Amino acid sequence: MSTTAPLPSPAEHRPTVVGVATAEVVDPRVARVAWAAVVLAALAFFITIPPVTLRTPAPSVVLGVVAAVGGWWAARAGAGRVGWGAVVGAVLAIVGAWVASGADEAKLDQVVVWSALFAATLRFATPLIFAALGGIISERAGVIALGLEGMMLSGALFAVLGADLTDSWLLGVLVGMLGGVGVAAIYAVFAITLRADQVVAGTALNLMALGVTGYVFVARYGDDGSPKDLSRVPELSLPGLGGDGFFAVSIGSASLMTWFALVAVAAVAFVLFRTTPGLHLRAVGERPEAAESAGIPVLRTRYLAVLASGAMAGLGGAYLSLALLGSFSQNMTAGRGFIALAAVIFGRWRPGAALAAALLFGFSSAIARRLDVFSDQLATLFNALPYVLTLIAVAGLVGRSRAAGALGKPYERG
Amino acid sequence: MLPARLARAATTTRGLAGRGVSRVGVPLVTTFLAFLAGGLAILVTGNDPFATYKAIFDGSGLSWLFPWTGGDTREIAASSLQQTLIAAAPLALLGLAVAVAYRAGLFNIGGQGQYLASSSMAIWVGSSFHGMPALPHVVITVLAGVAIGALWAGIAGALHATSGANEVITTIMLNWVAIWIGSYLFGLGGPLQNTEDRSLPVSPEVAQSARLPVFWGDPELQGLHIGFFLAILGLVVYWVLIARSRAGYEIRAVGLNPEAARTAGISPGRVTVKAMLICGAFAGLAGAIDVLGWEYRISTTDITVSQIGFLGIAVALLGRGSAVGIGIAALLFGALTTGASQRNLDPEIFDPALGTNLTLIIQGIIVLVASADIVLGGAVRSLAARSFGRLRTLVARRREASA
């Protein structure tokens, strides 16, 4: 082959996205020890922060060492991933407890206000939940969701345009959804019909969405920025939860879209795993040839899945601009589409687990916002946490998992 | 991406002429389509696409190459062309960072992170050791940048080799880790924030002794630095590596078929790590020459808005993985970025704020079209074959008529 011949296709030899499923047969007693070690490790850290706020690391060190030994034993006895997780967690907990027990108590009280942290977690997690659901739908159907960032960005801009033109947040959100669908449609044509390399096409759409949204934004609003009097998505208060108790502050009132996101998780999980269309969608992603011979239209199903993922990501973007911030700025998603993709992988392509991952990442953002009491630097560095966690997860330390069998492989009717 | 069988058929079973057509034709058609779409975007805002592209061309300084450009215009063009080449040099290296991985069957989407890790390192080393003689200071700083870039990519390579972690995901995550570490280092109160003005989230300035010498133009006004030659050297090294070296042979073998390579005694895991290290070294070199050649200091905003690593993907794809192609594609994107920049684009003709986004759109479309490369390649080839056939019948008819 000469140097100038077209590049070989990397898609061909890519191993299944995150390794292979390993059937781990574990003695239930060993598994119980492993999980107990995880809980002990968490407890070791927990007792040094409010409301307990022990001022000495000694008990934490004891608990941590017990957890580490338990985890190590369990890992040796067969419960590999949970056991090693407990060991890593115990080490982190001891370090964390050491730092926290030495930290200024007043500042600690300022950072760890659980109710406010929960509220902020929900706020930051909502766009991730929407986009991660979109990612799951697309990847379960066998199409890589690398374009989530671009779809979100488009959703954010179009939501602002819609709300500005119609003076209605609801229409704005719907237009934002269509903005996501529009990007998804282009992606679908390339990824499904033209059988393009999905990683390259997704990257292209992220670049294009960045350019197009910036272009439209500058052309439409110039130097003024987005309008100040945008119609915003209202908050919805739970009836019977007033005042400033723990639940009132944490979940008493949240954006309408946050509630909708939580409902959407259940809905997507139900559709994917309990209905025929969901089964078809997964079949198309797992074994397209088999699905086709069973009479399921592979290409059409994948199209619908990608468009739906665009709608979800568009909702996430609309939440950012019309609910969280009330404005649009260039590149405002700032990597949230990739955190959402991380949540998909972290959650092993399952809506419930992806919700947990999105909440975890939202929580780390919430903590990061408050850590500046201690130092700005620490707060900044904390933003890298979701990405580091995902690195660890895909490296197999958290446990191997498997993406859809035909993920990233274009389907050609035989 | 089409099945390998088809891809191979597209490149081997057709005649050499067909291959030649797609090698030059596909990138040309791709670029044309992208500029066409960009032209429509210009039209939508009520501007004249031709005048705008002319202004971008003038802003890129490429008119310096025309001997009839004279006087003041020539001087301005020279300064703009220096900018274009300054921008093209790291783009070429970042293109190589993608191309090497592609040869090994990997997709390195982490050029951005490798570049940023290296710029941060180059700032650190370059702004330390004041009073060191220039030559060792430059060499040490560049090597430090190259090393951290290689390490950053090597993490992804090692994870891929040991646990099968997909390099697309890991390099994306590493990008963001690099972005946040950079923001941490140079941000307010960060350990590497400058000491003169604590209110600015900006790095300290690289010492004079660590700067790359400028060989064309005014060093005060961002003249062309010798990093340009390092980039050209990088292209040559890439060509030798891929076409003439044992390591390159192994990389290509693993890229084409890891199982067959394993049977032939090549360890795919080791080659994967090696390929990623080389990618990271190229991206690291790009970050180092930008910092030492013209930036000298970076702000946290520079870190967050930079898209240069992703443009490297566009360069590699448009250059179709060949050293010459990557060089030309880097020059094109360097010219486009420079010509549409705030500094060089005539605001009377087109708003530079729009111009920057326009270049992103054009580059995005190029990557998008390239993603469906083989489809387009087929179209170009059949078009070429058809027109060639038509030409042949035409000539035959003429001959018949005259006979």
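In chain A of this predicted model, helix α5(A) meets helix α13(A) through a run of residues on each side. On the α5(A) side they are A:R123, A:T126, A:P127, A:F130, A:A131, A:L133, A:G134, A:G135, A:I137 and A:S138. On the α13(A) side the partners include A:A305, A:V306, A:A308, A:S309, A:G310, A:M312 and A:A313. A:L315, A:G316, A:Y319, A:L320 and A:L324 are also among them.

Helix α5 of chain A covers residues 114–140, and helix α13 of chain A covers residues 298–325. Their axes lie 7 Å apart and pack at an angle of about 170°. Angles over 145 degrees count as roughly antiparallel, so α5(A) is roughly antiparallel to α13(A).

Now turn to where the chains meet. In chain A, 57 residues are in contact with 66 residues of chain B. Four helices of chain A each supply at least two residues of the side that touches chain B: α8 (198–221), α14 (336–346), α16 (376–382) and α17 (385–394). The largest share comes from α8(A), with 15 residues. By class, this side of chain A divides into 36 nonpolar, 16 polar and five charged residues.

Next comes chain B as a whole. Chain B has 16 helices and two strands. Its C-alpha trace spans about 85 × 60 × 35 Å along the principal axes. A compact globule of 403 residues would have a radius of gyration near 22 Å; chain B has 23 Å, which agrees. Buried residues make up 59% of the 403 residues in chain B. Among contacts in chain B with a separation of 6 or more, 75% join residues 24 or more positions apart.

Helix α5 of chain B runs over residues 111–127 and has 17 residues. From its first C-alpha to its last, α5(B) reaches 24 Å, close to the 24 Å expected at 1.5 Å a residue. For α5(B), 17 of its 17 residues are buried. B:F129 follows α5(B), and its phi is positive, near 50°. Helix α15 of chain B, residues 352–371, has 20 residues. At 1.5 Å a residue, α15(B) should span 28 Å; its end C-alpha atoms are 29 Å apart, which agrees. Of the 20 residues in α15(B), 19 are buried.

Two loops of chain B also hold residues with positive phi. B:Q222 lies in the loop between β1 (214–216) and β2 (224–225) of chain B. Its phi is near 60°, a positive value in a residue other than glycine. B:Q222 has 18 C-beta neighbours inside 10 Å, so B:Q222 counts as partly exposed. B:Y296 is found in the loop between α11 (268–295) and α12 (300–305) of chain B. The phi of B:Y296 is near 65°, again positive in a residue other than glycine. B:Y296 has 20 other C-beta atoms within 10 Å, so B:Y296 is buried; the cut-off for buried is 20 or more.

Finally, look at B:T393. B:T393 sits in helix α16 of chain B, residues 373–402. With 10 C-beta neighbours inside 10 Å, B:T393 counts as exposed. B:T393 and B:V206 are 187 residues apart along the chain, and their C-alpha atoms are separated by 66 Å.

Methods: Residues are numbered from 1 along each chain as its sequence is written. Chains are lettered from A and ligands numbered from 1 in the order in which they are written. This is a predicted model: local features need pLDDT of at least 70, side-chain atom pairs count only at pLDDT 80 or more; totals for chains, interfaces and linings use all residues. Two residues are in contact if their C-beta atoms, placed from the backbone, lie within 7 Å. Ala, Val, Leu, Ile, Met, Phe, Trp, Tyr, Cys and Pro count as nonpolar, Asp, Glu, Lys and Arg as charged, and the others, Gly among them, as polar. The expected span of a helix is 1.5 Å times one less than its number of residues. A residue is buried if 20 or more other C-beta atoms lie within 10 Å of its own, exposed if 12 or fewer, and partly exposed in between; C-beta atoms are placed from the backbone. Axes are lines fitted to C-alpha atoms, for helices over the stretch in contact, and angles run from 0 to 180 degrees between N-to-C directions. Angles under 35 degrees count as roughly parallel, over 145 as roughly antiparallel, 65 to 115 as roughly perpendicular and the rest as oblique. The radius of gyration is taken over C-alpha atoms; the globule rule is 2.2 Å times the number of residues to the power 0.38.
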